[in-house]
Amino acid sequence: MASSSGISIPGVTSKYGTDELVESLMEVERIPLKREQETLETYKTQQSAWQDVNRKMSSLRDSVKSLYSFENPFNSKLTTSSDESAITADANRDADFGTIKIDVVHPATADRFMSGKIDNDTEVAEGRYTFSVGEKTVDFNWKGGKLSDFVTALNKRGGNTVKASLIGISSKKKALVIESLVPGEENRLVFKNDALTFAKDIGMIADVPADTTDFSDSVSSYKTPATKDLRTQQGMPSISKNGVTISQGTITVPPRGGIEIPIPEEIRGDSSQQIVFTFTQTDTQDITEELNAGANGPKLPDAGGIFFGGISVSNNQSDTTLSVPSSSQQRTRELKPISDDRMLFVKTTDGMEIPVDLEEYEADSETGETKITLNLSDYNGAQSIVVRNSNTAKTLSLSVPQATNDANALGYAPLNAISTAQDAEFRYEGITLYRSTNDIDDVIPNVTLHLHDATEKTATIKIEPDKESAKEALITFVGQYNQLVAEINILTQTKTDIINELEYLSDDEVEKANDRLGMFQGEMSLTSGKNSLQRIVTGNYRYSEDATVTMLSQIGISSNASGGSSGYNASQLRGYLEINEKTLDSFLENNLTQIKDLFGYDSDGDLIIDNGIGYLLDKQLTAWVQTGGIIATKLSSLNTRIESSNKKISQLETQLEEKEADLKSKYATMESTLNSLESQQTSISNWANSSNSNR
């Protein structure tokens, strides 16, 4: 633009319209660049479309894989309890369906002791403080200091074993609570070293004398137990207490001897009682040798005789008062020795004899004695100890049993026990069981019981298939399948109805879908892939000879599951699946296993799934989404094109910049020349005008 003074500055003002001229020339030059930029944008749009297809295929593959893999929802178990506050359960995938009846007498508890009232300014003396729970020990040296600091120090080291806390009793008094964090009879809280003295000083525990109860040492008060031989032998003596003797506190039980020692009534049912005695077994001469020797009556020496003059005269047999067994009493077979390691039992009130496993106890290497300790808490309803020596070549010796209160065995007892260590007690199938934990996984295969509190009445635990999880997985599968089919339809077809019928799309998604409509109209691989998916989901899968559910349509999943009009429906012809929820619920209720097999089964007996809807869809989709698969190849090709296009655009932009600079330079020179000529013309005109004026 020329200034008002008529001055034109080349490159700044364009008196002759060169800027517009250069721009119009550059517009023509930019046509190849714009064309390449449009091509690049097409490549990027196609790249984004393939990435969307890849995401939808991957999501569908993950969904179908979960329907036939080991973690498939058809094997999931759901547990419910009629008394959730008392007992719950977890069932793994291998648990059997059914109902479990449980009575919880009491859950396992841990020791939790509280002190008496303590002044707020109480100091804990310096020393070594040791606390043990079962096999775990918390041991530390304390330099002395405030009670609150001691609690902090103990909790810092207590971990999952011991915990301490302070409770405000009043404005000036507190109480210290020390508790075991491990429940069970064997995990009692024990104070040692200075911890023992401290616990006594604050009124948490107090000394108590050991308390013992002696059993009867009179054979006459014992009973003879039943024989109970594993194999009956005619002529073998029955178990008897007749040969049993007691001398200086030692009970001797000969071969084929036995006794039933009654447990004193005052300690029966006291779960804190322990029965203690020593036990020894000694090899002796086998009694079957003597029994077999006298099996058929007495054997007398030959009476003898005389031979004279060719005549033999025999003496008469000697007379004896011993009776000769009748033919029915005489044995036809010799007695066989008996060796039986089952020698000790605890008999309960219902007549059951619970064997004592002697292998759990270690014998003294010098004396050969084994110390036996029986916790009455392990034997509900115990009423006697049975010693049955079924052996024919062993003599048993045991000391007269004594009972002691195991709570007093330490020499002290809690004064303010909030709870005491005891095993969980519960009944399953009429059998009373005990466990040291409240999480019990060794009673019912593949089921873990969680005990919380005592049951008021028998609790019922049901183990059922998790039908809701299975239904949710199937709905997810159908939804992801339809999303993939919709994406393929949009990319390969040009009909706007395809988008309009997808009512779940937002306005923004509809706009983006319209941009992609028909983008891959000539891409046969997508059309072929969609057809393959449709063939799989509509196929018939006879996984066994007695299979009754062999198609998805049977369980309410098909292109016309809603049972609509039988006339033409363009939406249904596009391959979308529908769910008839009522039909699906019915089949999930009654045919869950067959639905599982429909998605994946072993067709050749090698225990590897190789057929079914889930397996085949997974295989088909993997070919598309795996590394080096169909989509990866498509994206790789597009990446190459995008890279090439970017380089070409960069080159064109450089060329255009150089071209524009060259044009501007040339037109600037032209403007400068024209301005110079115009200036000269003006000067000449001015000189001519001046000359004419002077004439």
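Helix α9, residues 524-537, has 14 residues and spans 20 Å from its first C-alpha to its last, close to the 20 Å expected at 1.5 Å a residue. That expected span is 1.5 Å times one less than the number of residues. Helices here are DSSP runs of H or I with at least four residues, strands are runs of E with at least two, and both are numbered from the N terminus.

Keep in mind that this is a predicted model, in which local features need pLDDT of at least 70 and side-chain atom pairs count only at pLDDT 80 or more, while totals for chains, interfaces and linings use all residues. Residues are numbered from 1 along each chain as its sequence is written, and side-chain values use heavy atoms, leaving out hydrogens and water.

Back to the helix. The buried residues of α9 are Leu526, Gly529, Lys530, Ser532, Leu533, Ile536 and Val537. They lie on the same side of α9, because they cover an arc of only 160° around the axis. The arc is taken from the directions between the helix axis and the C-beta atoms. Buried means under 20% relative accessible area, exposed over 50%, and partly exposed in between, using a 1.4 Å probe and protein chains only. On the face turned away from the buried side sit the exposed residues Met524 and Arg535. And what do the buried residues of α9 pack against?

| Helix packed against by the buried residues of α9 | Residues |
|---|---|
| α2 | 31-68 |
| α6 | 467-492 |
| α13 | 613-625 |

Now for a strand. In β23 (residues 370-375), Thr370, Ile372 and Leu374 form the covered face, and Lys371, Thr373 and Asn375 the uncovered one. In a regular strand the side chains alternate between the two faces of the sheet. Strand β23 runs antiparallel to β18 (residues 273-283), and 6 bridges join them; two strands pair if DSSP finds at least two bridges between them. Leu374 in β23 stands opposite Ile275.

Another strand, β17 (residues 258-262), contains Glu260. Is Glu260 buried or exposed? Glu260 counts as buried because its relative accessibility is 8%. Its side chain makes a polar contact with the side chain of Ser384 at 3.0 Å. A polar contact is a pair of N or O atoms within 3.5 Å; within protein, one must be able to donate a hydrogen and the other to accept it, and residues adjacent in sequence count only if both atoms are side-chain atoms. The C-alpha atoms of Glu260 and Lys223 are separated by 4.9 Å, although the two are 37 residues apart along the chain.

Terms used: Contact means heavy atoms within 4.5 Å.
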